Amino acid sequence: MDSPKSDKFTLSPIHLFFLLYVSLVGAGLMDFQRYVSASSGQDGWIAVLAASLFVVLMIWMMYGILSRQAPPGANLVDVNRRYFGKAIGAALNVCFVVYFLWGAFVTLRFYLQVIEVWIFPEMNQWPLVICIFALLYYTVSGGIQTVAGICFWGTLSIFLFVLPQCLPVLPYLHPHNMTPVLDHSAAELFDSTRLMARQFLGCLVLMAVFPYIKEGGRSSKWSYGAAGAAAFIYILMLLLALMYFSPQQLKETVWPTLSVVSIIHVPLMQRLEYVVLNMWLLKMVSNISVGLWAACHSLKQQLRIRPRISLAGALIGFLILFYLVDDPGDTRRIISLYMKTGEYLVFAYIPIVFVISRFSGKTGTSQVGK
Amino acid sequence: MPNQQAYSMASILDSCKRSTDFVTTPLSTGKESFSFSYYKTLIDVEGLGHLLHALQTAAQTEEIGDLRGLLAHVPMDGLETDPDPERVREQIFKGCLLVYRDSDPEGPCALIPVPAKKGLRSSNETDMEFSVVGPKIGFIEDLDTNIHLLRAQLNTPDLVLKEILVGSISRSRVALMYIDGVANEENVAKMEKRLRAIDFDVVFDTSQLDQIISDNSRTPFPLFTTTERRDRVVYALITGQVAVISEGSPYFITGPSTLFDFFLSPEDYFLPWILGSFFRMIRIFGVIFSLFASSFYVALMTYHYEVIPKELLGRLIYSRENVPFAPFLEALFLEITVEFLREAGARLPSRIGQSLGIVGGIILGQAAVEASLTSNILIIIVSLSALTSFVTPIYKMSNAIRFLRFPIILLAAVWGSLGIAIAVCFLLVHLSRLRSLGYPYTVPFFPVRVKDMKDSLIRPSYAVTGTRPSYLKPRSRIRYKPEAERKSNDFDEE
Amino acid sequence: MRGRRNTVRRVAALGLLTLAAGGCGSSQIVDRIALVQTAGYDRAEGHIVTSLQVGEYTDKDKTKIKLLESDSTNSFDMMPQLNLETNKPIEYGQMKMMLFGRSYAEHGIGDVLKILSRDVKVQSRCLLAVSETTALEAMRATSNTDDTLFLMNMIWQNTKTANLKGQNLQQILYGYHGTGSDIFLPYITINKQHRAQLGGVALFKDDRVVAVAREAEVLYLKLLSERSREGSLLVKLRASGGSQPYLLLRVLSSHPKFKLVSAGPVPSIRIRVAMTVMIKSISETVKIENEAEAKRLERVIKRYVETGMSDFIAKCQGLRVDPIGFGDFVRTHRRGWDSVAFYEAYPSMKTEVRVSVKLLQSGIID
């Protein structure tokens, strides 16, 4: 059990918005449109809405779990230890640590692949990778304050740079692509919803970050706000892609979000996807930092490994994995594996723990059943 | 304080006598003879002459047998009788005479202050921080005058002054000022603790103190605001900051500061708020331009030709016609040349300065373009960014910006626009990690405090700034109550 | 511990610097590359001739244009082949115009479209066009202008202010991949003064040229498929003795509305076009003196346009091409879209064109 954090290390609740937003909107923003519209076509936005509501439900459940813990124990590691006992709890915690690290790695690999294809095809990736690792080390070793800081800037950069780009694209949109509405069956919509919900796997970070938020109990409105903002961005990108491309064309385009932005032309620059892609670095770094921080912190709580050492170890591990996972096929495979495990590890786990928490006592006693 | 030695009167006098300007003037009053010891370079000789004359005449009419009798005739105030050796050592350097009886050097003595003119410049125009409107009062190198100026404006007993002696050789007085009831005691205590813990030999300037007591020495960014303007210091004090100044320096440092304090100019507050906000935003934009303009040029010309719109393409390619260097080297040479010019220009005697400025700026630039060593578009960019790095009112911040340009250009040369993105990331993470007197540096943007954001990027009207910014945790939040909303009548009811 | 940490940091920093110096290596310094701005494909006796226009910016006010050409057996290796002829590496990231010779376009441009859609470096704003003769000739005809993008600018300004419907690469790919319409490209001809000019619109079926729409048909295509605010139309009035009276109209705004009357088996669509026009010039013999005359003229114009549009649609139906996008329209207004069935029934599709013309009085009464 950790002691309650001193005032110096806690963040005010508004920062939960940025931390969660960054975890919910990941690298998938670039190409999720293909998967979502594969079965639902122009009704994909319904799937996104449904997935967002599902995530809101998850967040609500997580708050339910966390509110039933005594404040020092209101985090992922302690919840596992309490409800599943020492051995299974420890195993679960290690699973989650690996899961966070896996998520961070997958995001990094995907982003670097996009960079490689789009901007620097002939570049030797290693110096860049090492530089980004140095950046990640610098960020995460600053503690939760620095991680929250970079999350803030990352979110701000998305809203400042990406949103205004919707306006110049308007002349090239075909709004009629959105009709007829509800042309697909519920089964198809459900498939799309499932694929979409996989984008939101980062919501688990809430449970790891919770102890560092001041007045945790009353911070739920910021979490819901983050989910709402994430849903908004995803729907916006989906609508843009659906209206910009013809359905066949969408199936063929690898990264629809970037292709849409590519047509914008301002007096000083054309091909604004370069700006978008580079500002995305800020967002990616914040996403990966949150994952790394959560993993290192949970590792410290479970196995008492000093965070600096686990951070260095994680980064070295990433380096090795980078070398092994080189071509896009491998990347796609590990991403889909990550998504599938995530579904069970996050979307099945949270409701189970929620139900268990409802039946056990409020504070740190580990009695199961009333 | 460290390096304390136990002084005795004899040891003090002995150590002082090593200098030839420490003299002893005798005064005999018939019955007794007294000695006045002093540094003649610190004393107003005329005043001393008057004093001795007065004492002589007094001695002729009256019997002066002992020290106390003598002191009764001294026409000055501020006399100290039987000071301890520590005090003597201090005061002798402030222009005091040490008076003792010849027959009893170890016995009772007294200090008589006869300070000389300070030898300081008379004008107190600020030469680093200009403003077009508003008072131009700046501080000079004398601590007492400075405090006098401050108290003249903030004439409230709540303005508390604490003096701390810093420096093992210089024993400079360092003044710590704050407004009691506004400033948070924690801030004051922190600052005081840091000042008292200083172990240094000579403090030349408050900027040195700034570095010694700062939270993080591995950053180019200044963590305390350095200013020589009175209105800035007063503003800092009334919002709850703490001000420190050392003897012999015209600069106050105020803390805790945030990044946005360095873009504030007192002029913003003297102009209408719309104009003030506009100029502040221009300043911030200027800084961003200064940081990234050259690196954008390098990145676009080296890696991302497809981003250049077709209208600019011809111009840019033509401007680089026959230039033998890659854009990165070109930009680096020009930036370094500008730095050379600036450094040389700062040290040139004023007569040579002007002509060399013309030579450097105009002729070199033209010649370089004519010789096709660089492109003229790049010269425009580099000189503009050099110019805009000075838009920040505080000099130290413009230094930081000038320095930061180089790593960003380097990163842009290696990884193009991604390098710029990495540089931005590093910068933002670095800024998020900085603390000024324990407070985060990028408040109110991170940690987010929405209520304080109104005075950061724009300057709001006086109707809105009635409360103090909360990140300094002031004891009293309300500065003033803005005028109540006038009930608005409909336009035909005037 | 502190000392060890510091040395680790120093070694890491040094390592980073050396790696960074070894760094990137894919620089394309903008004045050391040859920028392709116009490219062309031609088919000649079984092999493919590719050509490029590269700009040289050695002079302040003019740009010299270099024309390069090479032969090849396939459409894919254009860039490496042409690279063999230049002193600076060829980069096509700024390519804004691609031309196809008629013979090449008749065999199908699908390959090239696929290459263009796959390649990240090609801009979505790139324009495509078909040349009546060969692409090479069209490019040669523009070589003596100072503009490497002459053809592109010509097409673009006609889109903005005249009769052409604008299409950049993105819109072309939209139509090509989409199942609801066929693509069409501007058609470049060489006039008697050996200068390139816009001669109409080439209609494609899938990826092959099948016909060319000329003159007024180009405007009808534009009016039927999108809202427009520009365009000009020459109306031939009924000759009554003497010379043929003409009426030159300027289209101020026009707005088509489609309505699906029945979707199948034989689709039937009602088309409404609302036009506002202004008379630019008018023959001597035609008089508009009062309201009634103006209304009569409106009716004449209306009938003229309706006939023209119906003829054009019938022509498209006969050729089984759908540049106007009826397929897309039906797809978005009916559930269960089946493109094969639709295009089976396409030639017998019934359309009813109704135009409403509003003549803006310019205030000067004849």
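Visitor: Before we dig in, what are the ground rules here?
Guide: It's a predicted model, where local features need pLDDT of at least 70 and side-chain atom pairs count only at pLDDT 80 or more, while totals for chains, interfaces and linings use all residues. Residues are numbered from 1 along each chain as its sequence is written, chains are lettered from A and ligands numbered from 1 in the order in which they are written, and side-chain values use heavy atoms, with hydrogens and water left out.

Visitor: OK, chain A. How many helices and strands does chain A have?
Guide: Chain A comes with 15 helices and 2 strands. Those are DSSP runs numbered from the N terminus: helices are H or I with at least four residues, strands are E with at least two.

Visitor: And what's the radius of gyration of chain A?
Guide: 21 Å, which agrees with the value near 21 Å for a compact globule of 370 residues. That radius is taken over C-alpha atoms, and the globule rule is 2.2 Å times the number of residues to the power 0.38. Along the principal axes, the C-alpha atoms of chain A fill a box of roughly 60 × 50 × 35 Å.

Visitor: How much of chain A is buried?
Guide: 62% of the 370 residues. Buried means under 20% relative accessible area, exposed over 50%, and partly exposed in between, using a 1.4 Å probe and protein chains only. The accessible surface of chain A is about 13,900 Å², with 69% of that belonging to carbon and sulfur atoms. The areas come from the Shrake-Rupley method with a 1.4 Å probe, and for residues only the protein chains shown count as cover.

Visitor: What about contacts in chain A, how many join residues 24 or more positions apart?
Guide: 84% of the contacts with a separation of 6 or more, where contact means heavy atoms within 4.5 Å.

Visitor: Where are the charges in chain A?
Guide: There are 26 positive and 17 negative ones, and their mean positions are 15 Å apart. Lys and Arg count as positive and Asp and Glu as negative, with His and the chain ends not counted. Each charge is placed at NZ of Lys, CZ of Arg, CG of Asp or CD of Glu.

Visitor: I'm looking at C203(A). Buried or exposed?
Guide: C203(A) counts as buried because its relative accessibility is 0%. You'll find C203(A) in the loop between α8 (186-197) and α9 (205-209) of chain A.

Visitor: What does C203(A) touch?
Guide: Leaving out residues up to four places away in sequence, C203(A) touches L20(A), L24(A), M62(A), V346(A) and F347(A). As for S223(A), that residue is 20 residues from C203(A) in sequence and 9.5 Å away in space, C-alpha to C-alpha.

Visitor: Where's R304(A), and what's its phi?
Guide: R304(A) is in the loop between α13 (273-303) and α14 (307-324) of chain A. Its phi is positive, about 60 degrees, although R304(A) is not a glycine. R304(A) counts as exposed, at 67% relative accessibility.

Visitor: Switching to chain B. What's its radius of gyration?
Guide: Chain B has 30 Å, but a compact globule of 494 residues would be near 23 Å. The C-alpha trace of chain B spans about 100 × 70 × 45 Å along its principal axes.

Visitor: Which domains does chain B have?
Guide: Domain 1 (9-113), domain 2 (143-257) and domain 3 (273-440), with bounds from an automatic or database domain assignment. The C-alpha centres of domain 1 and domain 3 of chain B lie 62 Å apart.

Visitor: Where is the cis peptide bond?
Guide: Between G255(B) and P256(B), with omega about -5 degrees. P256(B) sits in the loop between β10 (252-255) and α9 (266-270) of chain B.

Visitor: And the charges of chain B, how far apart are their mean positions?
Guide: 5 Å, for 50 positive and 56 negative charges.

Visitor: Last up, chain C. How is chain C divided?
Guide: Into domain 1 (32-214) and domain 2 (215-366). The contact takes 23 residues from domain 1 of chain C and 27 residues from domain 2 of chain C. Their centres are 30 Å apart, taken over C-alpha atoms.

Visitor: How many helices and strands are in chain C?
Guide: 11 helices and 13 strands.

Visitor: What about D206(C), buried or exposed?
Guide: D206(C) is exposed, with a relative accessible area of 53%. D206(C) lies in the loop between β8 (196-205) and β9 (208-213) of chain C, and its phi is positive, near 55 degrees, in a residue other than glycine.
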